[in-house]
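Trainee: Hi! Could you walk me through this one, starting with the words I'll need?

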Amino acid sequence: MIRRTKLKPVYIINGFLDSGKTDFFRYTIGQPYFRTKGKTLLIVCEEGENDYEEKLLKSTNTILEKIEDEEDFNPDNLIALDAKYNPERILIEYNGMWNFRNMRLPVMWKLEQQITVIDASNFELYFSNMKSLLAEQIRNSDLILFNRCDGIEDLASFKRNVKAINQKADIIFEDQNGEVDVTLDEDLPFDLNANPIDLNNYGYGMFYLDALDHADRYEGKIVRFKGMVLKPTEFPDNRFVPGRLAMTCCAEDMQFLGFACEYDKTSELEEKEWVLVTAKVTKQYVEEYQGEGPVLQAISVEKTTEPNKTVIDFSNPEQ
């Protein structure tokens with residue numbers, strides 16, 4: 001008889017020092033819904049200004065362990081902690097100066113949720129000087145929380161830069177009064193009422209990000225843009241992806257941004273060639289998206305020359 005071991009859920013919060021990670025976990029641990037049976041193992045990888053009160057830890061059956069050196073955060077040491085405490089769940093307050101790409105968890109632990117907390121008052125500093133580390137924090141997070149947003153006017157640009165790195169994450173902005181509504185509407189560099197909507201390099205990037213969140217507003221509209229052809233092997237013969245590369249944190253770190261496009265002459269297209277696409281935007285369920293999303297229905301696809309700007313840089317709208 002084979003005994004199946006239940007995977008233990010892991011919740012990771014990351015961000016730079018004093019971004020609010022401890023406050024977030026202290027609040028979470030203290031909520032009634034969190035007080036479930038079994039032990040919680042809380043692993044803290046750096047010490048900030050705030051700490052966890054002994055009374056809170058005891059009342060929530062939470063055991064705190066500290067790992068101060070990155071080389072000590074490894075599967076062997078984590079397995080030893082698991083054997084010592086046999087927790088039901090694990091919370092990890094990760095060190096923002098450690099490269100998240102190097103993190104390894106034990107095989108019996110399952111990453112359930114990853115959250116990045118960002119001090120909005122320091123975001124421009126982080127994005128300018130520590131973009132690579134910040135991008136690794138953001139890249140696979142399910143939730144990105146900007147706190148301390150008081151008095152900051154250009155939050156839309158923060159959202160734009162984060163969504164360029166991680167298009168699927170929920171992004172929340174908070175000031176001292178609670179959640180702040182931040183949309184990209186006023187930041188769109190094209191006329192939503194134009195027919196067709198002509199998209200330059202930066203305009204295409206903004207269309208892509210906005211359509212991910214607001215597919216309904218584009219449904220039925222006609223868009224025109226230059227894109228590179230991508231033909232995923234899992235796509236049917238009448239579908240390809242026109243799109244553009246976007247720089248997310250450095251020249252070596254690119255993402256291809258593109259929506260599925262239905263075109264009955266896809267077989268005549270060559271991988272990575274440039275085409276001028278005129279298409280109607282629809283909203284459909286697409287298996288490759290694992291849900292509903294924008295799908296382009298080609299009106300015309302013409303071979304064209306490579307544009308002057310081939311890579312989208314969301315930090316530079318003047319392209």
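Mentor: Happy to! Two strands pair if DSSP finds at least two bridges between them. Helices (H or I, at least four residues) and strands (E, at least two) are DSSP runs, numbered from the N terminus. This is a predicted model, where local features need pLDDT of at least 70 and side-chain atom pairs pLDDT 80 or more, while totals for chains, interfaces and linings use all residues. Residues are numbered from 1 along each chain as its sequence is written, and side-chain values use heavy atoms, leaving out hydrogens and water.

Trainee: Got it. In what order do the strands of the open sheet come?

Mentor: The sheet has eight strands, in the order β3-β2-β4-β1-β5-β6-β7-β8, and the pairing is mixed. At the edges are β3 and β8, each of which pairs on one side only. From one strand to the next, the twist averages 25°.

Trainee: And which residue stands opposite I92 in β4?

Mentor: That's I12. Likewise, Y11 stands opposite L91 in β4. Strand β1 (residues 8-14) pairs with β4 in the parallel sense, over four bridges.

Trainee: How many bridges are there between β2 and β4?

Mentor: Five, and strand β2 (residues 40-44) also runs in the parallel sense with β4. There, T40 stands opposite R89 in β4.

Trainee: Is β4 enclosed or open to the outside?

Mentor: Largely enclosed by the rest of the structure, because five of the five residues of β4 (residues 89-93) are buried. Buried means under 20% relative accessible area, exposed over 50%, and partly exposed in between (1.4 Å probe, protein chains only). In a regular strand, side chains alternate between the two faces of the sheet. Here both faces are covered, with R89, L91 and E93 buried on one side and I90 and I92 buried on the other.

Trainee: What about helices on the sheet? Which strands does α5 lie across?

Mentor: Helix α5 (residues 131-139) lies across β1, β5 and β6, at about 130° to β5. Axes are lines fitted to C-alpha atoms, for helices over the stretch in contact, and angles run from 0 to 180 degrees between N-to-C directions.

Trainee: Okay, helix against helix now. At what angle do α6 and α7 pack?

Mentor: About 85°, with the axes of α6 (residues 155-165) and α7 (residues 201-213) 11 Å apart. The two are therefore roughly perpendicular; that label covers 65 to 115 degrees, with under 35 roughly parallel, over 145 roughly antiparallel and the rest oblique.

Trainee: Which residues meet there?

Mentor: K159, R160, K163 and A164 in α6 meet Y202, M206, L209 and D213 in α7, where contact means heavy atoms within 4.5 Å. By class, the contact has four nonpolar, no polar and four charged residues. Ala, Val, Leu, Ile, Met, Phe, Trp, Tyr, Cys and Pro count as nonpolar, Asp, Glu, Lys and Arg as charged, and the others, Gly among them, as polar.

Trainee: How many residues of α7 are buried?

Mentor: 11 of its 13, so α7 is mostly covered. Among them are Y202, M206 and L209.

Trainee: Let's jump to T62. Where is T62, and is T62 buried or exposed?

Mentor: T62 is in strand β3 (residues 62-66), and at 7% relative accessibility T62 counts as buried. Leaving aside neighbours within four places in sequence, T62 is in contact with I29, T40, L42 and L57.

Trainee: And A169, what does A169 touch?

Mentor: Not counting residues up to four places away in sequence, A169 touches S141, D142, I144 and K163. A169 sits in the loop between α6 and β7 (170-175) and is buried, with a relative accessible area of 7%.

Trainee: Are D18 and N61 buried or partly exposed?

Mentor: D18 counts as partly exposed, at 31% relative accessibility, and N61 is partly exposed too, with a relative accessible area of 39%.

Trainee: Last one: which residues does a cis peptide bond join?

Mentor: N195 and P196, with omega about 5°. You'll find P196 in the loop between β8 (178-180) and β9 (197-199).
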